[in-house]
Amino acid sequence: MTVAAAPMRILGIDPGLRVTGFGVLEADGARLRYVSSGRITSDERASLPERIATLFEGIREVVDTWRPTHAAVEIVFVNVNPQSTLLLGQARGAALSALTVGGLPVAEYTALQVKQAVVGHGKADKKQVQFMVARLLALAAEPGTDAADALACAICHAHAGRGMGALAAPGSRRRAGRIIARRPA
């Protein structure tokens, strides 16, 4: 008798110092179900440590409320402005810390990987991502850009998890912990 795997509840995070988007969905095989999404904002007038603490606590609250089993975070791209990149990296660090303190396994994806998984090509604009997220999750309206990016990250992880699960199925060979290939049937 085969026992069906429990659905994954995935928390996607689109980190930002001013606004961090979050999105929660359930993945049951190929089926995706929207759970929640929103934004965590920090006061631009507050000190950097206070803003980082706000993001950390906000993500911890999302984890406590929605009880995800997995997390996916977008990897920071290098911006033209090094100061902006540094600040974004600090916000991302707060997110990663909150997720790992919450005991979640964290996967990281580039914006290119996320767009490829959701839209089909890595050069998609924000409007295309919003449209496809709404369509894939059967939402009545397009989510805001921050929530859409976070949900897209969660969708990317759901797709990656299915792919890795198929590769790791019985009959595949491993060498030094890496999956090499499936054995012929």
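Student: Is the crossing of H1 and H2 left-handed or right-handed?
Tutor: First, this is a predicted model, in which local features need pLDDT of at least 70, side-chain atom pairs count only at pLDDT 80 or more, and totals for chains, interfaces and linings use all residues. Residues are numbered from 1 along each chain as its sequence is written, and side-chain values use heavy atoms, with hydrogens and water left out. A crossing is left-handed if the near helix is turned anticlockwise from the far one by less than a right angle, and right-handed if clockwise. By that rule, the crossing of H1 and H2 is right-handed.

Student: At what angle do H1 and H2 pack?
Tutor: H1 covers residues 48–66 and H2 covers residues 82–101. Axes are lines fitted to C-alpha atoms, for helices over the stretch in contact, and angles run from 0 to 180 degrees between N-to-C directions. The axes of H1 and H2 are 9 Å apart, and the packing angle is about 35°.

Student: How many residues of the contact of H1 with H2 are nonpolar?
Tutor: Contact means heavy atoms within 4.5 Å. H1 brings residues including Ile52, Phe56 and Arg60, while H2 brings Gln90, Ala94 and Leu99 among them. Ala, Val, Leu, Ile, Met, Phe, Trp, Tyr, Cys and Pro count as nonpolar, Asp, Glu, Lys and Arg as charged, and the others, Gly among them, as polar. The contact has 2 polar residues and 1 charged one, and the nonpolar ones number 13.

Student: Is Arg9 buried or exposed?
Tutor: Buried means under 20% relative accessible area, exposed over 50%, and partly exposed in between (1.4 Å probe, protein chains only). Arg9 sits in strand E1 and touches residues including Leu25, Trp66 and His70, not counting those up to four places away in sequence. Because its relative accessible area is 18%, Arg9 is buried.

Student: How far apart are the C-alpha atoms of Gln130 and Asp146?
Tutor: Gln130 is in helix H4, and because its relative accessibility is 10%, Gln130 counts as buried. Beyond its neighbours within four places in sequence, it is in contact with Glu142, Pro143, Gly144, Thr145 and Ala148. Gln130 and Asp146 are 16 residues apart along the chain, and their C-alpha atoms are separated by 9.4 Å.

Student: What is the relative accessibility of Ala138?
Tutor: Ala138 lies in the loop between H4 and H5. Its phi is near 50°, a positive value in a residue other than glycine. Ala138 counts as exposed because its relative accessibility is 70%.

Key:
Helix = DSSP H or I, 4+ residues; strand = E, 2+ residues; numbered from the N terminus.
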